[in-house]
Amino acid sequence: MTLSDMWNIGLMQGFAGLSLFAVLLLMGLGLAIIFGQMGVINMAHGEFMTIGAYTIYMASVFTETRAPGLMAAYFPIAIVLAFLVAFAAGWLVEWGLIRHLYQRPLDTLLATFGISLGLQQIFRTFIGPKEVSPTLPDWLMGSWAPAEGLDIPINGLFVLGLTLLVTAGVLIALHRSRWGLRVRATVSNRTMANATGIDTRKTDRLTFAIGCGIAGVAGAAFTTIGSTGPTSGSLYIVDAFLVVTFGGAASLLGTVVSAFGIAQTQSISEFFLTGSMAKVLTLSLIVLILMLRPQGLFASKVRR
Amino acid sequence: MTTLKSLIQRYQLGSLLLLVLLLAVVLPLTLDIFRLNLVGKYLTYAFVAVGLVMVWGYGGVLSLGQGVFFGLGGYAMAMFLKLEASDPESTKIQSTPGIPDFMDWNQITELPALWLPFKSLPLTLILVIAVPVALAWLISFAMFKRRVGGVYFAIITQAVALILTVLIIGQQGYTGGVNGMTDLKTLLGWDTRTDSAKYILYYACVVLLVASIVLCRWIQTSKLGTLLLAMRDKEDRVRFSGYDVSNFKVFTFCLAAGLSGIGGALFTLQVGFMSPSFVGIVPSIEMVIFAAVGGRMSLVGAVYGALLVNAGKTLFSESFPDLWLFLMAGLFIGVTMAFPMGLAGLWESRIVPWWKGRREALRRAAVQPPPAAMPPASAVERPEDIGGQHLNPEPARP
């Protein structure tokens, strides 16, 4: 093995880490909004991701049977659909459940875990216990070889681009839009925000639904790199919570950095160890760091 | 007489006695040994639920990693039993006789050092409690000293549960992997699979559980219990009064971990195997729901919660496996939304006032001469008139 081979393997391994980074970041972003900004522990977040993934799968099946000519174009539309379906589901959950529990954050954990169990069983009963994968359009297949011996999968690049787009969108929306202003006001002082005329209930509902919608987009990204089953989402839920906590709960930038760090640590250590030991190593490192620095990487300056 | 009465009230001996009666007399007399063994299995979860009442209900700290401690206790016991089951005589077909079979399958030729302490029973019994407590201390000391609580603590404990599960499954040669440790037959030559052994283990489980409840109740009624409640409600005020809050929390968490460890060891003894499926995130959260259904403030309620939820699980997953998860989901949502204090809360807030109101009405009916049209006995037969709100059944007209 020559030095350039090593370099190429390192690059590809790093890129595999970037795909994981994309899914973790999209999961983490939705969770950072819901958990970091609203303080709701949404254990069903993984299932909202699965909802998004199943939406893509159904869109793919629908296009294949009804309009095979549109196969090249369906994917972007399906992503928007995934967002909307997860958004609607989140809206419903907030309306039916979460809004009664804002005073009891630990209880949101139990209630949303119930939702997560229920949704998993719904997937199992109505969609089937088998793992499914959508038929991806041709332009997502194959790989891009910028140099000899270096293959970078195009779906990975696409997911990365999607992630960057969504992240930038969320950051801009949170810091430049009226909604973002209302969210930030509600987070920093709910009573005061209410007094200034902000409808905090409506803000909460919209925020929760948008967080779930982003999880739906994460599901869309997930379909390009793995197959979807009823319990796919629950595999990522702990990682997603660790991403948010590790980054510092109220900081979106922290979420980006910690998702990158966790994904790369995991991916690079996978090269040297077995997959399970890499996971153990990564998680233990995060837990250790969180024990020493509980506020996470980027702590907000406000003391609560 | 009055001291005895106050003692009974203080330690809630009435409800405890009822529980003992149910567990030690009613159930063994009515159930066959197969079902009784199942109840024994549920009771091992009750240890965890009792610990959760202390740490969650009283301490206000929700741990999603109780399965870790349950599993550590269970694995410690299982390692001892496994070593006993794989003596050189019965494992002579292996390439290395005298080591557990799964080690042989994974090309391990020597007993790992980690396993050496589990050759002795006294050491194992100590480790059943010591290992969970040590890990609990490590986690909680680091967290509570830095004043991390609530949600963050829950997430960290959840991560620990995930780490341990992945580790156990990944290190197949040392832990038995995803199958866990199976074929556990004897304890010091005593066959634990016979009916008489199952009865003995069941009663051992009941005795230890009742002892744990009494211990926890004693802690609750002591100054420490009062402090725990005060901390849960206004942590800062307790801190400003000069108490070191974190030490109390660490103590409670370690107590709950030790109890879970005992539960795990009893689980291994009664069920005859231990596997990672009792360690991970989902079983850990299910253990929280046992305590939540029973009532997070009631030690005895937690036992009923563990019994009811597990009995429901067995019943439904035998006949309608699909329905069970929906039911479990409904249980999670329903308990948190409608009955945050669980069955015990329901008992305290609905049934006890109703009963007291009824007794009060009876007493009044007996004292005051009732109108001729309404004999006192009718008050007993018409409980709907005498709900908690209506203490006067009929205004007595002079």
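## Conventions

Angles between axes count as roughly parallel under 35 degrees, roughly antiparallel over 145, roughly perpendicular from 65 to 115, and oblique for the rest. The axes are lines fitted to C-alpha atoms, for helices over the stretch in contact, with angles running from 0 to 180 degrees between N-to-C directions.

This is a predicted model, in which local features need pLDDT of at least 70 and side-chain atom pairs count only at pLDDT 80 or more, while totals for chains, interfaces and linings use all residues. Residues are numbered from 1 along each chain as its sequence is written, and chains are lettered from A and ligands numbered from 1 in the order in which they are written.

## Chain A

Chain A contains 11 helices and 2 strands, where helices (H or I, at least four residues) and strands (E, at least two) are DSSP runs numbered from the N terminus. Their order along the sequence is α-α-α-α-β-β-α-α-α-α-α-α-α. The C-alpha atoms of chain A occupy a box of roughly 65 × 50 × 35 Å along the principal axes. A compact globule of 304 residues would have a radius of gyration near 19 Å, and the 20 Å of chain A agrees with this; the radius is taken over C-alpha atoms, and the globule rule is 2.2 Å times the number of residues to the power 0.38.

Of the 304 residues in chain A, 49% are buried. A residue is buried if 20 or more other C-beta atoms, placed from the backbone, lie within 10 Å of its own, exposed if 12 or fewer do, and partly exposed in between. Among contacts in chain A with a separation of 6 or more, 78% involve residues 24 or more positions apart; a contact requires C-beta atoms, placed from the backbone, within 7 Å.

## Helix crossing in chain A

Helix α6 (residues 178–188) and helix α8 (residues 200–225) of chain A have axes that come within 10 Å and cross at roughly 110°. α6(A) and α8(A) are therefore roughly perpendicular to each other. On α6(A), the contact uses Trp179(A), Arg182(A), Val183(A) and Thr186(A); on α8(A), Thr200(A), Thr203(A), Leu206(A) and Thr207(A).

By class, this contact has 3 nonpolar, 4 polar and 1 charged residues. Ala, Val, Leu, Ile, Met, Phe, Trp, Tyr, Cys and Pro count as nonpolar, Asp, Glu, Lys and Arg as charged, and the others, Gly among them, as polar.

## Chain B

Chain B has 17 helices and 2 strands, and its C-alpha atoms fill a box of roughly 95 × 55 × 45 Å along the principal axes. Buried residues make up 42% of its 398 residues.

In chain B, helix α10 (residues 223–233) packs on helix α12 (residues 245–271) at an angle of about 110°, with the axes 11 Å apart. These two helices, α10(B) and α12(B), are therefore roughly perpendicular as well. Leu224(B), Leu227(B), Leu228(B) and Met231(B) of α10(B) meet Val245(B), Phe248(B) and Thr252(B) of α12(B). The classes here are 6 nonpolar, 1 polar and no charged residues.

## Interface and core

Contacts between the chains involve 35 residues of chain B and 32 residues of chain A. On the chain B side, α6 (121–145), α7 (150–170), α13 (281–294) and α15 (321–338) each supply at least two residues. The largest share, 15 residues, comes from α7(B). This side of chain B divides into 29 nonpolar, 4 polar and 2 charged residues.

The largest nonpolar core has 192 residues, and Ala46(B) and Ala49(B) have the most contacts inside it. Such a core is a set of buried Ala, Val, Leu, Ile, Met, Phe, Trp, Tyr and Cys residues joined through C-beta atoms within 7 Å. Helix α1 (residues 3–37) of chain A gives the most to this core, with 16 residues. Leaving aside residues up to four places away in sequence, Ala46(B) touches Leu209(B), Ala302(B), Val303(B), Ala306(B) and Leu307(B).

Note on methods: Two residues are in contact if their C-beta atoms, placed from the backbone, lie within 7 Å.
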